[in-house]
Amino acid sequence: MKVIAINGSSRKSGNTTKIIEVVFGELKKFGIECELIELAGRDIQPCKGCFACSGKGNCVFKHDDFCEVMEKMKSADGIILGSPVY
């Protein structure tokens, strides 16, 4: 089993990462593979709502980092979303 966590914070390795690592610690006790994806510093374009991806299962923006993140999301058994609260 594999779980990925997507950290939406603009601060890499900040408090949101620390909280995710606490959750990972508990999951790893059960032998669950964990991977952290930090969005800070990645080039991800906002969805334009063009629906060109409809039925294709992929985004039309081929040159940003979302395609890699999406492939990891598809292969994961679980997804954790981490976001800071200000």
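In this predicted model, contact means heavy atoms within 4.5 Å.

Q: Which residues does phenylalanine 24 touch, not counting residues up to four places away in sequence?
A: By that cut-off, phenylalanine 24 touches Ala5, Cys34, Glu35, Leu36 and Ile80.

Q: What makes Val3, Ala5, Ile20, Phe24, Leu27, Ile32 and Cys34 a nonpolar core?
A: A nonpolar core is a set of buried residues of kinds such as Val, Ala, Ile, Phe, Leu and Cys, joined through side-chain atoms within 4.5 Å. These 7 residues form the largest such core here. Strand E1 (2-7) and helix H1 (15-28) each give two or more residues to this core, and H1 gives the most, with 3. A second, separate core of 5 residues includes Ile4, Ile6, Val69 and Ala76.

Q: How do you know that the buried residues of H1 line one face of the helix?
A: Let's start with the list: Thr16, Thr17, Ile20, Phe24 and Leu27 are the buried residues of H1. Seen down the helix axis, they fall within an arc of 90°, so they line one face. They pack against E1, strand E2 (33-38) and strand E3 (78-82). The face turned away from them carries the exposed residues Asn15, Lys18, Ile19 and Val22.

Q: Why is cysteine 47 called exposed, and why is cysteine 50 called partly exposed?
A: Exposed means over 50% relative accessible area, and buried means under 20%. Cysteine 47 has 73%, so it is exposed. Cysteine 50 has 49%, which lies in between, so cysteine 50 is partly exposed.

Q: How many disulfides does a search of the whole structure find?
A: The search finds 0 disulfides.

Key:
Residues are numbered from 1 along each chain as its sequence is written. This is a predicted model: local features need pLDDT of at least 70, side-chain atom pairs count only at pLDDT 80 or more; totals for chains, interfaces and linings use all residues. Side-chain values use heavy atoms; hydrogens and water are left out. Buried means under 20% relative accessible area, exposed over 50%, partly exposed in between (1.4 Å probe, protein chains only). Helices (H or I, at least four residues) and strands (E, at least two) are DSSP runs, numbered from the N terminus. A disulfide is a pair of cysteine sulfur atoms within 2.5 Å. The arc is that of the directions from the helix axis to the C-beta atoms.
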